[in-house]
Amino acid sequence: TEVCGRVVSLPRQFVENSRFVLQLSDDCAEKTQVAAGRLLEVRWYAEAGKVLPGIKAGQLWRLPVKFKAVRGLANPGSPWREANALVDGIVAVATVRTDKAAALLTDTPSLRQQLADRFAACCQHYAAYPLWLALTIGDRPFSDELWLGVQHAGMAHLLSISGMHIALLFGLCLLTKPLWARLALPEPWRSATLWAFALLIAWGYAALAGFA
């Protein structure tokens, strides 16, 4: 079938395939979509001798796809894909068909995608580039070797943006209280403004990480 939706994750771009999460939308559908708002895990494989288009978060696509259920292997140490998909809100896996044309309807990269592109332009040649992405926008383009090294070093939990990171940033904002004392604001407005500022920064950081 054909689906219409917006790319809501930072795509995993490889030479032969691309993987991303698509949120189904009514914006370009001829009739009401029963599954509008639901998420699909999309895999797009390149045809022999052809190059895949550059997928960006925020783009709106119409894609011919075939569906299959979310399934994972029950091997020891393998992730529980069905449970992970349920938590993430992903209802199915979709593979883009190559016998029909896909259409890019809106090419407006999201702010998160624009930041990722800027980071790649300036810092991709650094060895710590994947770690920088993990701690800023919540993306982890780790190779198997890097991820294994991070796990052996006991740092895996530090590179997954969590409540600890949000709370730490919130606390750092509260430490700026002496600076706010210089403002000509009476109490309790000064304290309320400080707390609102800290909450806004914490919320912005969570948004930058894709609320993952």
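Predicted model: local features only at pLDDT ≥ 70, side-chain atom pairs only at ≥ 80, totals over all residues.

Me: How many helices and strands does the protein chain have, and in which pattern?

Reply: Helices (H or I, at least four residues) and strands (E, at least two) are DSSP runs, numbered from the N terminus. Here there are seven helices and seven strands, and along the sequence they follow β-β-β-β-β-α-β-β-α-α-α-α-α-α. The C-alpha trace spans about 65 × 45 × 35 Å along its principal axes.

Me: What share of the protein chain counts as buried?

Reply: Buried means under 20% relative accessible area, exposed over 50%, and partly exposed in between (1.4 Å probe, protein chains only). Of the 212 residues, 30% count as buried.

Me: Which residues have the most contacts inside the largest nonpolar core?

Reply: In soluble globular proteins, nonpolar side chains tend to be buried together. A nonpolar core is a set of buried Ala, Val, Leu, Ile, Met, Phe, Trp, Tyr and Cys residues joined through side-chain atoms within 4.5 Å. The largest one has 16 residues, and those with the most contacts inside it are Val-3, Phe-20, Leu-22, Leu-40, Val-42, Trp-44 and Leu-63. Two or more residues each come from strands S1 (2-7), S3, S4 (39-45), S5 (60-68) and S6 (90-96). Apart from this core lies another, of eight residues, among them Leu-10, Phe-119, Cys-123 and Tyr-129.

Me: What does Leu-22 touch?

Reply: Contact means heavy atoms within 4.5 Å. Not counting residues up to four places away in sequence, the partners of Leu-22 include Val-3, Val-7, Leu-40, Val-42 and Leu-63.

Me: Is Asn-17 buried or exposed?

Reply: Asn-17 lies in strand S3 (residues 17-24). Asn-17 is buried because its relative accessible area is 15%. Beyond four places in sequence, Asn-17 touches Arg-12, Trp-44, Tyr-45 and Leu-52.

Me: Which residues of helix H3 are buried, and what covers them?

Reply: In H3 (residues 129-136), the buried residues are Tyr-129, Pro-130, Leu-133, Ala-134 and Thr-136. Their cover includes helix H2 (111-123), H4 and helix H7 (189-208). Just after H3, Gly-138 takes a positive phi of about 75 degrees.

Me: Where is Trp-180 found, and what does Trp-180 touch?

Reply: Trp-180 is found in helix H6 (residues 177-180). Its relative accessible area is 17%, so Trp-180 is buried. Not counting residues up to four places away in sequence, Trp-180 touches Arg-190, Thr-193, Leu-194 and Phe-197. Trp-180 and Arg-190 are ten residues apart in sequence, and their C-alpha atoms are 7.0 Å apart.

Me: Where does Leu-158 lie, and how accessible is Leu-158?

Reply: Leu-158 lies in the loop between helix H4 (144-152) and helix H5 (163-174). With a relative accessible area of 36%, Leu-158 is partly exposed.

Methods. Residues numbered from 1 in each chain as written. Heavy atoms only, no water.
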